[in-house]
Structures are given as C-alpha cells and as structure tokens.
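Please keep the sequence and the model in view while reading.

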Amino acid sequence: MAQFYLGGYRTGDPFVEDPHPAVAERPEGLPATADVLIVGCGPAGLVLAAQLAAFPDVATVVVDRRDGPLQVGQADGVACRTVEMFEAFGLSRRIVEEGYQVNEVAFWRPDPEDPAAIVRTGRIPDVEDDLSEMPHLIVNQARMLAFLREHMARSASWLAPRYGLPVTGLEVGDGEYPVRVELGGSTIRARYVVGCDGSRSAVREAIGRRLEGDPMNQSWGVMDVLAVTDFPDIRLKSAITSSAGSLLIIPREGGYLVRLYIELDDLRDRADVTPETLTAVANRILHPYAIDVRDVGWWSVYEVGQRLCDRFDDDPADPRVFIAGDACHTHSAKAGQGMNVSMADTWNLGWKLAAVLRGRARPELLATYSAERQAVAQELIDFDREFAAMFSAHPEGRSADPEKFQRYFRDQGRFTAGVAVRYAPSMITSGAAHQHLAQGLPVGMRFHSAPVVRVADAKPMHLGHAARADGAWRLYVFGGGERFDALCAFLPSVIARFTPAGADPDAVIDVRAVLPRGYRDVEVGELPPVLRPRKGPFGLVDQEKVFCPDPARADVFDLRGIDRAAGCVVVVRPDQYVAHVLPLDARDELAAFLDGVLLEA
C-alpha cells in the first residue's frame, strides 16, 4: 500500500518521485562505468531494472540490441505469483483491470462414437481456492513491459532503457569495475553484469555457459486472432486433443482476441507455414466446429525443447556476471511458465545485488542466486517435459483416459501458478525447526498473504500488500502478551545495528505486528515504539505497521495455521519468501540469523 508526502506535501501525481541528485550527474550518452549493467529489455531484464530503480544510489544501465521496445506480445500468461510480485511494484491493479482472467479450463477429446469429432470431457477451476489472492491472467507481454518501463520512469532513478546496443564482447578482469563490455562501438565497465538477452545470449556465450538438454524436435504454431467460430468454449482456456492433433486455446484480453497454439507434427519447412495453413490445421483439430479467422494480430512458429545451464553465473566464489530467463533455461510455452519464471529469476537477484552494492549484506549473498534459481529451473524443465508430452499424446495412446490429463492439470496447479517454489536451506533460508508455529507459512516458500484489518484506519486489506519492492527484510510478529512486549523492546537494538545513519528505521528491517484480537480493542497510543517508528525529515510517525484479523473474512491465524497462544516471528526476505519462523522469545536466534546475512552499518 503506497505511502507518500513523508518529505513534505507537494502537488501533482504523488507516484512520480522527484529525481535523485545522482540523476542530474548522469552523462547524456552511455556512461563509462556502472554498478549494474542489464543486457536485455525483456521480462527478466525489466523486472530487474524496475527493482534496481528503487535504489538511485546504485548506478544501473539497461541496454538492448533491438531498436526499440517490444510492440507485439510473445508470452502472455501471467501466473498468480507474478501478479503478487507486481503488487510489490504497485502495478497489480493495472494488470488485473486490463487482463483476461482465467477462471476455468475446458478439456476436449475425440468423441468415442465419432473419433473424427471432438467432445468436451470436463471443466475444472483454473486456480484452487486460497491458492493466491491474485488471479491467473492473460496480458500481452508488450503491455507488461510497458508497465515496468513506466514504473522505472516514475522512480527517483528516472531509469530508462538504451536501445540499439548489442553486446559484441565481454571480459571479466580485476579492479573496481572488473567487467568490460563492448556494446557495438562503445565500451562500458561494470561491477556486475546480468545477461537477460534471450536464448541466443551473447552474455552466456562470453562466460562459457551452455544450454544443454533435449533437441528441439516438436513444432507448434501460435496465432493471436480475431475470429468467428461456433466452438462453444472460445472464451475459456481450452485444451483440445483430437485425431488431427492438439490445440490450446487461450482467450486474450479485450473480449475478442484469442490465441491459438497449434501442434505441427508434420512440419518439414518453416517457410511453408502461414497464417492460412495454421488456420487450416486448427479447423481440422476443431471438427465438427469451425473457426473463421478475420484478422491476425501476431503469429509465429516455435520448436519445443527443454534446455538448461548448469550454473547461472560466471564464478561460484565471486560471481560478477549473471544470466537469467531464456539465457539459461528454455522450454515449451504451453504451461505458461517462460515469462513468469524469467521474471522470478531477476526478482530473486535484484534485491541481492542492491544489498551488496549498498553495503548492507555480505557479498556471499550473491552466490545464492544461481543455487536457488538453477534448482527451480531444473524443476520447470522436468515438469515441462512431462506436461508437453502429455498434452501432445495421441488420443489412442497413454492419455486415452480423458480424466488423466484433467487430474494432472489440477494436481500441477500450484506449480503453474508459480507458488510451489521452495528454496533450500542456505544463509538466507533457515531450517524448519519451528515450523509448527506457522504451518501455513512454510520456510523457503513465498509469504502467503491473508486478509487483515489495519488498526490505525480500520482498512480491510491483504497483509502481504503492505510490502513494497524496496529491499527491506520484514519481520511479521504474530501474537501478544509479555513475550511479544519483550521482543518489541529488544528489536530496536537489532534494527539500529544494521541501519545506516540517516536512513529511516524500517529501511533495512521492517517490523509489522498482527495482534490476535479485534482491531477496535487496540489502543494505538499504547503500542511499542518499534511499531510506530518516526521517519523522514519531520520525524513523522508511521501508523501503518499493526494489523488484526478481519472479522468479515477468514481469520489470518486460522488461515495460516499460526499458534494464537504461542505467537511467532515470521522473517520474510525482500523477495517475499519466508526465511525463518521463530518463537517470540528466540531473540538471540533471530539476531544471529540476521547477522549471518546483513552487515553492521
């Protein structure tokens, strides 16, 4: 939830920040040096840029080999977890308003009485109850990227991509800016470089990483069309397997546009494929229904293959160059994971780079990026291989049971929604010794938001929406009583140890409380000072740190399996993943965990 006017009231759009003083010092052309050079302005690159835009003291440069922004969408599925992430940027409302919301999925198979025709075999919810407060959406990738660029432009960094700059050379050496990058006829030196430049990544090639895996031996056509059809489920996501092949229908935003993924088993030459031939194949698959394509917004042919790099950086001991997205993992498009997993890569990396560059975290933190995200990508590759094979299986083959694919789709719903990721124990993710205190908030998984009421203004909201993409660690303190009070008295000393002079007290560690009683029973003036921190040049009190269960909706303690009597502390990383669950009186253990990640100011 946005806060503004902390530094003084001003007119105009409050979401457009005044430029940081460093902006005025930028050269007009490409600078000679950068803290972070981002190569590629696709989903991975722009999520990273949008996150680093929150830190104008980090000199970030974003380049792309193309002449300008993407105009026509490629990927389109936006998973629930991705919408949760966009909420941290303040962008989820725009995406939800514009996107097509996937509510149900229809399944079609050959009619047993007439195998040449298809028949609907079932419909299931696309997302299970309480999987996320956010929906699964279909939004044009070009629009997603436009939202991110706008966010960058409105930040204090006034960050904007630079186009027409291909990487023609990259070397890692020594010194303050050890990575030397040739961009066409220009040179820039950077502390860190992140290659988000696609499956043909020049950055990946320069550091000697290789995409390894299955050969690309299956072709699919894809079209965004305006069409007239008698197929009854044209506005539902529909998975169709017929005797003539497989088809995936994805309704698009706006009420009329629809995307068709069309299997091309007998493709010999991509040059033979046209929108007309794709339409003919779609009509064979849809029989006895027909589709009359009136306009084609975009179309392409792609080949399915699952490939992966063994590492996502150049050096496990001292990484200086990272790769993300299609540069380090490729797979089919039918599960809608490519764009989402790519953005999750750099959502994981961005706060780590900022924390190390700003002197707030130990340099070893950067090694956790490859360890965490390569394991996730391997899971995706394994899932995608099975999903693609099952989707394309001949109806007389092993998927003849129409219930089988539906069950598989339902069982894998958490994975496709992006909420099944669980990071292994590391310096930023503890073990689960105290997991019983918050069973619904598993350590290593994303912090699952829940409805609450904000005490200060009685506002019903989602607890997770209080967090912004600002690089802060969050301590959610659930409970009350003497142990709660003792912890709140202890926390200011921990916060002070890691917070730089002059920074707001919640800039590094942001403490929020959820009290197990009615919000009207809380006296704001009696709350501990750590829950009413003074901020900004005027020492204003932040009144928005305390919450209670929402009496009109599910109780957050019951919903997330939190022991109401014992209480607990849930430590959440800046990328919204649960790092630790601790008893209220485990003060030394909490301080030791933070000390293992953060640097004293």
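## Surroundings of S157

Counting contacts as heavy atoms within 4.5 Å, and not counting residues up to four places away in sequence, S157 touches V23, R26, L52, A53, F55 and P56. S157 is placed in the loop between α5 (141-154) and β8 (162-163). Here helices (H or I, at least four residues) and strands (E, at least two) are DSSP runs, numbered from the N terminus. With a relative accessibility of 5%, S157 counts as buried; the term buried means under 20% relative accessible area, exposed means over 50%, and partly exposed lies in between, for a 1.4 Å probe and protein chains only. A polar atom of the S157 side chain lies 2.7 Å from the backbone oxygen of A53.

## Basis of the model

This is a predicted model, in which local features need pLDDT of at least 70 and side-chain atom pairs count only at pLDDT 80 or more, while totals for chains, interfaces and linings use all residues. Residues are numbered from 1 along each chain as its sequence is written, and side-chain values use heavy atoms, with hydrogens and water left out.

## Overall form

The chain has 14 helices and 29 strands. Its C-alpha trace spans about 75 × 60 × 50 Å along the principal axes. For 601 residues, a compact globule would have a radius of gyration near 25 Å, and the chain agrees with this at 25 Å. That radius is taken over C-alpha atoms, and the globule rule is 2.2 Å times the number of residues to the power 0.38.

Of the 601 residues in the chain, 56% are buried. Among contacts between residues at least 6 apart in sequence, 73% join residues at least 24 apart.

Helix α2 (residues 43-52) is mostly covered, since ten of its ten residues are buried. Among the buried residues are P43, G45, Q51 and L52. The elements that cover the buried residues of α2 include β1 (33-39), β2 (60-64), α3 (80-88), α5, β11 (186-195) and α8.

A354 lies in helix α8 and is buried, with a relative accessible area of 1%. Leaving aside neighbours within four places in sequence, A354 is in contact with L52 and F55. The C-alpha atoms of A354 and D57 are separated by 9.3 Å, although these residues are 297 residues apart along the chain.

## Nonpolar cores

A nonpolar core is a set of buried Ala, Val, Leu, Ile, Met, Phe, Trp, Tyr and Cys residues joined through side-chain atoms within 4.5 Å. The largest such core has 115 residues, of which L37, V181, V193, L353, W473, I509 and V511 touch the most other members. Helix α8 (residues 338-357) gives the most to this core, with nine residues.

V193, leaving aside its neighbours within four places in sequence, is in contact with L37, V39, L170, V179, V181, R320, V321 and F322.

## Aromatic pairs

Rings of Phe, Tyr and Trp (its six-membered ring) pair if their centres lie within 6.5 Å; planes under 30 degrees apart count as stacked, over 60 as edge-to-face and the rest as tilted. By this rule the count comes to 18 aromatic pairs. The rings of F4 and Y5 form an edge-to-face pair, because their centres are 4.8 Å apart and their planes stand at 90 degrees. F4 is partly exposed, with a relative accessible area of 37%, and Y5 is partly exposed at 32%.

The pair of W108 and F231 is tilted, because the ring centres are 4.8 Å apart and the planes lie at 50 degrees. W108 lies in strand β5 (residues 104-111) and F231 in the loop between β13 (218-229) and β14 (237-242), so the pair ties together parts that are 123 residues apart in sequence. Both W108 and F231 are buried. Ring pairs also link F4, Y5, Y9 and F15 into a cluster.

## Cysteines

How many disulfides does the structure hold? It holds zero disulfides, a disulfide being a pair of cysteine sulfur atoms within 2.5 Å. The sulfur of C41 has its closest cysteine sulfur in C196, 9.1 Å away, which is too far for a bond. C41 is buried at 3% relative accessibility, and C80 is buried with a relative accessible area of 1%.

Conventions: A polar contact is a pair of N or O atoms within 3.5 Å; within protein, one must be able to donate a hydrogen and the other to accept it, and residues adjacent in sequence count only if both atoms are side-chain atoms.
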